Amino acid sequence: MDKLHGTGVALVTPFTSDTHAVDYPALRRLLDFVIDGGVEYLVINGTTAESPTISAEEKAEILRVAREHTAGRVPLVYGIGGNDTAATEALLRSTDLTGVSAILSASPYYNKPSQRGIIAHYERLADASPLPIILYNVPGRTASNLTAATTLHLAQHPNIIGIKEASGNLEQCIAIAAAKPADFLLISGDDMMTTSLISFGAVGIISVLANAFPRRFSDMTRAALSGDFPKASQLLFGFTDLNPLMYEESNPVGVKAALAAQGICGGAVRLPLLEASESLLERVKQLV
């Protein structure tokens with residue numbers, strides 16, 4: 001899965017400002033913007049896409065549009081996850097995944113399963129999935145952590161090819177890197193930890209910031225992957241003031257504000273999220 005090295009974008013879903021319908025012209029603009037910006041692959045309908053508030057019919061159409069508009073220019077990863085294992089398995093079996101390279105599946109949220117439960121959940125999905133699965137560990141959202149031991153156990157499954165690691169726990173990431181199979185993909189899930197994780201074996205990032213800053217972010221990631229850490233660090237430092245604003249009013253509110261400031265798509269989000277406040281929008285505009 002070398003094609004999933006580098007910068008992947010956790011693509012937002014543009015909505016119209018009046019009806020909050022999916023804005024397909026803006027989606028096409030965004031697809032061109034990030035691809036022209038040099039990113040290596042796209043994650044469609046992940047959690048940054050506000051997938052919990054998007055209907056099954058909309059998800060199918062978003063994937064169809066993305067597949068048609070990208071026309072093979074970059075690989076596509078598709079988000080399928082949930083806290084009902086049986087329902088997630090059924091979705092994996094029933095979704096038309098033509099043109100998709102892999103599935104990104106977030107760890108079950110709210111239920112707070114044990115590590116044994118997390119293992120059983122992912123093994124069942126991996127057994128059922130027609131495509132390889134990338135684990136997604138984001139305990140700040142799910143309220144449970146995939147420990148290094150759990151990740152390394154799941155890495156032995158032939159249909160589990162990597163992990164998007166967003167625990168923020170550097171020691172845990174190092175433990176995974178030290179003992180993982182050679183072909184298991186360690187992918188940063190935290191934009192500001194990208195260069196650090198690459199320094200000890202990560203193959204790249206699935207990024208929020210790269211929606212709005214694809215050229216700068218992909219240049220940073222490529223510099224780190226080539227071993228030019230002074231250049232990568234300088235590019236990373238350029239995001240120091242901006243990155244906290246992406247999450248101040250929850251993701252993807254901040255990055256949609258950054259995209260709106262550049263005229264790529266509007267800042268609309270779906271309830272229970274609200275569009276960026278005037279204060280946040282002004283501070284984002286000053287840094288774009």
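Serine 188, set aside from residues up to four places away in sequence, touches Lys164, Glu165, Met193, Thr194, Leu197, Gly204, Ile205 and Ile206, where contact means heavy atoms within 4.5 Å. This residue lies in strand E7 (residues 185-188), strands (E, at least two residues) and helices (H or I, at least four) being DSSP runs numbered from the N terminus. At 0% relative accessibility serine 188 counts as buried, a word that stands for under 20% relative accessible area, with exposed meaning over 50% and partly exposed the range in between (1.4 Å probe, protein chains only). A polar atom of its side chain lies 2.9 Å from the backbone oxygen of aspartate 190.

The model is a predicted one, in which local features need pLDDT of at least 70 and side-chain atom pairs count only at pLDDT 80 or more, while totals for chains, interfaces and linings use all residues. Residues are numbered from 1 along each chain as its sequence is written, and side-chain values use heavy atoms, with hydrogens and water left out.

Strand E7 belongs to a closed barrel of eight strands, which runs E1-E2-E3-E4-E5-E6-E7-E8 with parallel pairing; two strands pair if DSSP finds at least two bridges between them. From one strand to the next the twist averages 25°, axes being lines fitted to C-alpha atoms (for helices over the stretch in contact) and angles running from 0 to 180 degrees between N-to-C directions. Strand E1 (residues 6-10) and strand E8 (residues 204-207) run parallel and are joined by four bridges, and threonine 7 stands opposite isoleucine 205 in E8. Helix H9 (residues 214-225) packs on the sheet, where it touches E1 and E8, and its direction makes about 145° with that of E1.

Two residues annotated in UniProt can be followed next. The unreviewed entry places the feature "active site" at Tyr136 and Lys164, with positions in the numbering used here, feature names shortened, and annotations that may be inferred rather than shown by experiment. They span 29 residues in sequence, yet no two of their C-alpha atoms are more than 4.7 Å apart, so they gather at one spot. Tyrosine 136 has its place in strand E5 and counts as buried at 9% relative accessibility, whereas lysine 164 lies in strand E6 and is buried at 4%. Their side chains are joined by a polar contact of 3.4 Å, that is, a pair of N or O atoms within 3.5 Å, of which, within protein, one must be able to donate a hydrogen and the other to accept it, residues adjacent in sequence counting only if both atoms are side-chain atoms. Beyond its neighbours within four places in sequence, lysine 164 is in contact with residues including Ile187, Ser188 and Ile206.

The feature "binding site" is placed by UniProt (unreviewed entry) at Thr48 and Ile206. They span 159 residues in sequence, yet no two of their C-alpha atoms are more than 10.6 Å apart, so they gather at one spot. Threonine 48 is found in the loop between strand E2 (41-44) and helix H2 (56-70) and is buried at 5% relative accessibility, while isoleucine 206 is found in strand E8 and is buried at 2%. Among the residues that isoleucine 206 touches are Lys164 and Ser188, which leads back to the serine of the opening paragraph.
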